[in-house]
Amino acid sequence: MTRYDTVIGLEIHVALLTQSKFLCSCRASFGAPPNSQCCPVCLGLPGTLPLINEKAVEYATKAGLALKCNINHYSRFDRKNYFYPDLPKAFQITQDAFPLCNDGYLEYYVDDQLVRTAITRIHLEEEAGKLIHSGESIVASEYSLVDYNRAGIPLIEIVTAPDIHQPKQARLFLEQLRLLMSYIGVSDTKMEEGSLRCDANISLKPSGSPVLGTKVEIKNLNSFRALEKALEYEEIRQSQVLDSGAKVRQESRTWDDRAGKTVSMRSKGDAPDYRIFPEPDLPPLNLDPVWVELIAASIPELPLERLNRLEGEYGLSRYEATFLVNYPDFGELFLELADSGLDCKTVVNFLMGDYARLAREKGHLDSERIAGLFQILDERLISQTQAKEVLDALFSSPQTAREIVKDKGMEVVGDPERLRPIVHQVLEANPQLVERFKLGETKLHGFFVGQVMRATQGKADPEAVNALLQEELVN
Amino acid sequence: MRNLAHLLETRQVSSREIVEHYLGEIKQQEPDLNAFITVDDVGALAQADAADMRRSQGNPLSPWDGIPIAVKDNISTKGLKTTCASRFLSNYKPLFDASVVRSLRDAGMPILGKTNLDEFAMGSSTEYSAYGVARNPHDRTRVSGGSSGGSAAAVAAGEAPWSLGTDTGGSIRQPASFCGVVGLKPTYGWVSRYGVVALAPSLDQVGPMARTVEDAAILFSLLAGPDPKDATSADARNFEVPFWDDQFVKDLKIGVPEEFFGEGLHPDVEKAVRRSLRTLEGQGATLVPISLATNDYAIDTYLTLVTAEASSSLARYDGVRYGERVHAADSNTMFSKSRAAGFGPEVKRRIMLGTYVLSASHYEAYYEQAQRVRTLIKLDVLDAFKQVDVIITPTTPTTAFTIGAKRNPLEMYLSDLFTAMANLSGIPALSVPCGTDPKGLPIGLQIMGSHFREELLFKVGYVVERSAAR
């Protein structure tokens, strides 16, 4: 592979999480019964006219700002014309010559190395409907059904510069982008539901050459894994083509996940002419700089900023900090707990341990209830072992940790005067063993502790029991 | 119309009687005239009865409550077929009213039916209607003009008191001129386009067609105003019908562009227009010779833009949801076969031209160039209005031509020679009858003003109308 440099650029579509659609007031939620969320406008009935959803512009602007783009105060909508049964008007309203955002970047870690990928542009456009084929594909189907619920949902298309140099980097970029979108709350970015989609362009050039090779576009990348696998496959395929002295054909290829390979869709010559021209039904978008400032002010802490803060201010390891950044719900919880004065390491170990498993099954606990658990542990009211049982109970009851402990009678018995009779009982029941201990078989200490714990159903404070045994046996 | 409103108000006549009268005219004349594609007698009578009920309860919706109207068949009417004179929409019943239709209903006006047009408003004679040509009431061997030929013919023949038309390059004014009625192409953006089936969205406007200037002004006052459903709708006030007087003519500067009186203009038309100009001059107006040199490029620019926008606006008629689907092995073949079967020749011609001018390799030379020229035309027009208050020209180079006379599409396109400029620059333009030729065919005069100066156009039109009647 070192004979060639790999050059990758991505085109990412992100569905914006607005309440209503981009150009009409229909609901934009996922999963409603087919064709239950459409109106004359998103069905493209004759005579209907589009109206811009301000929220979509706001979300796109937010995405642009989070990706450090220039927000263009003048942008324009265009019509992209093509025929497909899922496209109600037979054209898509998009932005071509004057997109909303330009010239940004995203920073992310690749193997502990901070890298930056340039964002060329971000523009707004409308989603098409969804085809449900009776067969495998539109060509192999006897009939296809159309669901227009999706038609007109706002999308942003994010285009990167050809700045990415390995398949793994492409995946890491996309993961970071997904995280960024969810941090700013503009999309739910579910690849499986199609609210995050990615096409990749990849070309190879001789190592060190300044001239880009012929690029191939890969479509149908439905997961992060598919993106990486498809690019790896294509890297090898193209290097083999070049090794054989042939030229790579400029074409679109589709990723066949089952076969694990890319398959040619159409060559450049077959590429449609979209006959793009300015949308006459919509005036240009003129953003008020003050409004853009307001959007900028609403942007929360972004993933990389948080990572730096968790490492720097809270002293977490890269591994811990990454976990908390990648799972922002855990991150928020961590910050609440740590900021309430609890020990950072204790909190992060707790969150990444049993808590994580339970929370993923049953949802999060309030930080206050977690803090309550830490509190009684600190008071030595329960043991570490018991803490697990209390944690389980916290997930299934609305009680506080203290209440649970009380109800279950779990308080640790640490009072020597309550424990002394039990210790006596245990020692009296095992005279030979006491004799052997006194003759030097000190490992029997553990046995006596175990017996006391058993007699108290685990409630005895092991340290207090140790001290008592020491007292009774040695003195 | 004020008389009719008065008769209704004083209960000397009922809305039902008025509607029945027009339905009678329609029944009698339609077999020959073909101004309507759909007549909604049941609906119109029901709306008339509702209007009469309101009148009897003393709650009319407006002074015009109960006065019926005809609507061009490319304007959506809820539940009433809207065919655009195309086979593609032969059975299409909109789920909603166009905003302008909403306005008519809010004023209580029964809708008599939907009038004939060239398919998707592409044409100047209604000969491209899938439902046959609408004939000229003044000479039934001649065309009524187009594309709003049905709306003009219906009013001229007394089948409807007034009507709605649409105008993209002259489609209200040219048929108004041919049929001897008044027609206004309003300022772009002053009337909502919501529900008006698009031909070329950057040029289309709905406007009134009526027997008199005053009626046209009244109808326009019901249509004009902002509409939140139309993003291109102007943030303009409503329009109020002006007070009619002749005195203002004294201070009026009328621009007379030489380019509109040159080659191709029929002498009879020129004579009638010049006579009206002299009358206005006699009343104190100043005639100012001006030049609108960019009009030489108006038709080419117009055709480039209108075909480009139309090729996109009409792409949705692809056999998936509209028209007869011609089954084929793959969807692309299905699209092209369905479109080949569903569209008439002029629509196909314009879609092909529009597809060509937007194609990647020709976009710059045609579409982009046309946009630049459009800007020049607009500047030229605005410049003229620095010198003059209104510009007066003939509406069309000739009177109504014979059905079948224009076989060559290019010849047909020249019908818009004097009218396309107003659409390209977005200004209002009014066509008013100003006389007849020796055969008795009406001649129209066009008054153009700068943006939102409709009031002035109506006032000048009123004077022209009165002088022509004398």
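Helices here are DSSP runs of at least four residues, numbered from the N terminus. I am working with a predicted model.

**Entry: Gln176(A)**

I looked up Gln176(A) and found this residue in helix H2 of chain A, which covers residues 167-184. Is Gln176(A) buried or exposed? Its relative accessibility is 14%, and since buried means under 20%, Gln176(A) counts as buried. I then listed what Gln176(A) touches, not counting residues up to four places away in sequence: Leu106(A), Glu107(A), Tyr108(A), Pro303(A) and Leu304(A).

**Entry: domains of chain A**

I checked the domain assignment of chain A next. It gives domain 1 as 4-293, domain 2 as 299-407 and domain 3 as 416-474. The contact takes 13 residues from domain 1 of chain A and 15 residues from domain 2 of chain A.

**Entry: Ile69(B)**

I moved to chain B and placed Ile69(B) in strand S2, residues 69-72. Ile69(B) is buried, because its relative accessible area is 0%. Leaving aside neighbours within four places in sequence, I found Ile69(B) in contact with Leu104(B), Met109(B), Pro110(B), Ile111(B), Leu112(B), Gly113(B), Trp162(B), Ser163(B), Leu164(B) and Leu219(B). I also took a C-alpha to C-alpha distance: Ile69(B) and Leu184(B) are 16 Å apart in space and 115 residues apart in sequence.

**Entry: nonpolar cores**

Which residues touch the most other members of the largest nonpolar core? I found Phe120(B), Leu164(B), Ile392(B), Phe458(B) and Val460(B), in a core of 162 residues. I followed up Leu164(B), again leaving aside neighbours within four places in sequence; its contacts include Ile69(B), Val71(B), Ile75(B), Val100(B), Leu104(B), Val206(B), Leu219(B) and Leu223(B). A second, separate core has 62 residues, among them Ile158(A), Cys198(A), Ile218(A) and Phe224(A).

**Entry: cavities**

How many cavities of 30 Å³ or more does the structure hold? I counted 4. The largest cavity has a volume of about 220 Å³. I listed its lining, 24 residues, and the closest to its centre are Thr48(A), Leu49(A), Lys89(A), Asp281(A) and Arg316(B). By class I recorded 13 nonpolar, 4 polar and 7 charged residues in the lining of the largest cavity.

Technical notes:
Residues are numbered from 1 along each chain as its sequence is written. Chains are lettered from A and ligands numbered from 1 in the order in which they are written. This is a predicted model: local features need pLDDT of at least 70, side-chain atom pairs count only at pLDDT 80 or more; totals for chains, interfaces and linings use all residues. Side-chain values use heavy atoms; hydrogens and water are left out. On a 1 Å grid over the protein atoms alone, a cavity is a set of points where a 1.4 Å probe fits but cannot get out, and a pocket is an open set with protein on both sides within 12 Å along at least five of seven lines; lining residues have an atom within 4 Å of a point. Grid points are joined across faces, edges and corners, and a volume is the space filled by probe spheres set on the points. Ala, Val, Leu, Ile, Met, Phe, Trp, Tyr, Cys and Pro count as nonpolar, Asp, Glu, Lys and Arg as charged, and the others, Gly among them, as polar. A nonpolar core is a set of buried Ala, Val, Leu, Ile, Met, Phe, Trp, Tyr and Cys residues joined through side-chain atoms within 4.5 Å. Buried means under 20% relative accessible area, exposed over 50%, partly exposed in between (1.4 Å probe, protein chains only). Contact means heavy atoms within 4.5 Å. Helices (H or I, at least four residues) and strands (E, at least two) are DSSP runs, numbered from the N terminus. Domain bounds come from an automatic or database domain assignment.
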